[in-house]
Amino acid sequence: MRGFGHRAGRTARKRRQKKDCSTQSVSVCHQLQYVRLMKFLDQRGFTSSLLQPALFTDTGRGLQTLKTIKPGHLLISLPECCLLTTSTVLDSYLGPYIKSWKPRLSPLLALCVFLVCEQHRGEASDWFPYIDVLPSTYTCPVYFTDDVMAVLPANVMRKALEQREAVWEIHSLNQDFFRWAWCSVNTRSVFMLHPPNEFLSGQDVYALAPFLDLLNHQPNEQVKASFNEVTRCYEIRSVSGTLRYHQAFINYGSHDNQRLLLEYGFVAPCNPHSVVYVDTDLLSDVLSGDRSLVQKIKFLRENGFLNNLTVSYEGPSWRLMTALRLLSLPQTLYNQWKAVLLGQLVCEEREQWSIQTARTLCQRLLQHTHTALNKISHLLQQCDQSVRDQLNAVKSLRQEESCILGSCLKVLQGMLRQPDEMLSCQPNADIVS
């Protein structure tokens, strides 16, 4: 969501993006688990002379280019027989059981069941070479302890708790197995639309892609990814190209870091889509003295204006400022509420109230963020490695929030006028007074 333009904000972000990050890497293709993976894929018709598994100092495991990849060239083409899909599951020994199961399983759950069973089979599984290179644990919120949940931003915590409860529902027994399987499918599958299946419920869009899923996300990377119906391969084509011995990236979509943490368990540095969300509870708390607040909140909700209220490095979003302009109006101007949501201007006094309220919201969010960071620092001194990884992911998110809120406050300060500069609410046909 774009907010008010501000030169300093854009310049600061470009400066951050241009910081010298001397990334180092080391190949891991000689390690047994990757040797087995490549042999497994080779037997199914896939080899790669362009990419090799490697460890990078900034992202951890990823894929390193062995040659310079020119713009428009194919990065990877993975045959259909290498993809783990619901067809794989239904054609396996589990097929008869899943087909007869009532109520019908979702495609995601069918893949989870298959992964759990195949992991239990160990080296006897045909898919062992792939399962063996999957992460043994994840930093997705479904793994978070209650202490880590408590230091998440309020709206992320609410979504994370909903996500954790939804996952718990499908694995009340064998919790760790199903949690691992769910995260494996949710974080590592590629989008591949399959035809409707009478044995499964819901849309089937998942495919686990060995080797290809070692590619990491980069917000600014440009690629084209899809299943090629002619070659019967899942293909990724680089748009911008990659230099030799550099890490090759893909792009999961234009997601902010809250979404990346919720769905994939990581935070992307220098993410141009990063924002901080303002939720209804905070609005209600800051404006608790407004007797008509309940009616205004109801009006905003009915008109779809309570979602995606955000601030960024450039300042408050248009949606947030529009909502605040409506909240600045008295109930006696109810007939003007809709016009404000459609872009009608308000008088200078109400505009300045809206800016000051946005400033108060940012200050309150910044206080919450600093409190959470202090708590994270304390927890990091007394936790094991798995919880440490979770806390570090949340710490990165919170540190970014602190930078965004600080930048936004500077923008808002520049938008405020001194009392003697302000115009009173004068009647104007084009302005809500």
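Visitor: What volume does the second largest pocket have?

Guide: About 440 Å³. Rolling a probe the size of a water molecule over the atoms shows where empty space is left. Here, on a 1 Å grid over the protein atoms alone, a pocket is an open set of points where a 1.4 Å probe fits, with protein on both sides within 12 Å along at least five of seven lines. This is a predicted model, where local features need pLDDT of at least 70, side-chain atom pairs count only at pLDDT 80 or more, and totals for chains, interfaces and linings use all residues. Residues are numbered from 1 along each chain as its sequence is written, and side-chain values use heavy atoms, leaving out hydrogens and water.

Visitor: How do H10 and H16 pack?

Guide: Two packed helices are described by the angle between their axes and the distance between the axes. For H10 (residues 257–264) and H16 (residues 385–415), the angle is about 170° and the axes lie 10 Å apart; axes are lines fitted to C-alpha atoms over the stretch in contact, and angles run from 0 to 180 degrees between N-to-C directions. That makes H10 roughly antiparallel to H16, the word for angles over 145 degrees.

Visitor: Which residues of H10 meet H16?

Guide: Asn257, Gln258 and Leu261 do, and their partners in H16 include Ala393 and Leu397; contact means heavy atoms within 4.5 Å.

Definitions and conventions
Helix = DSSP H or I, 4+ residues; strand = E, 2+ residues; numbered from the N terminus. Parallel < 35°, antiparallel > 145°, perpendicular 65-115°, else oblique. 1 Å grid on protein atoms, 1.4 Å probe; cavity = no way out; pocket = protein on both sides within 12 Å on 5 of 7 lines; lining within 4 Å. Points joined across faces, edges and corners; volume = space filled by probe spheres on them.
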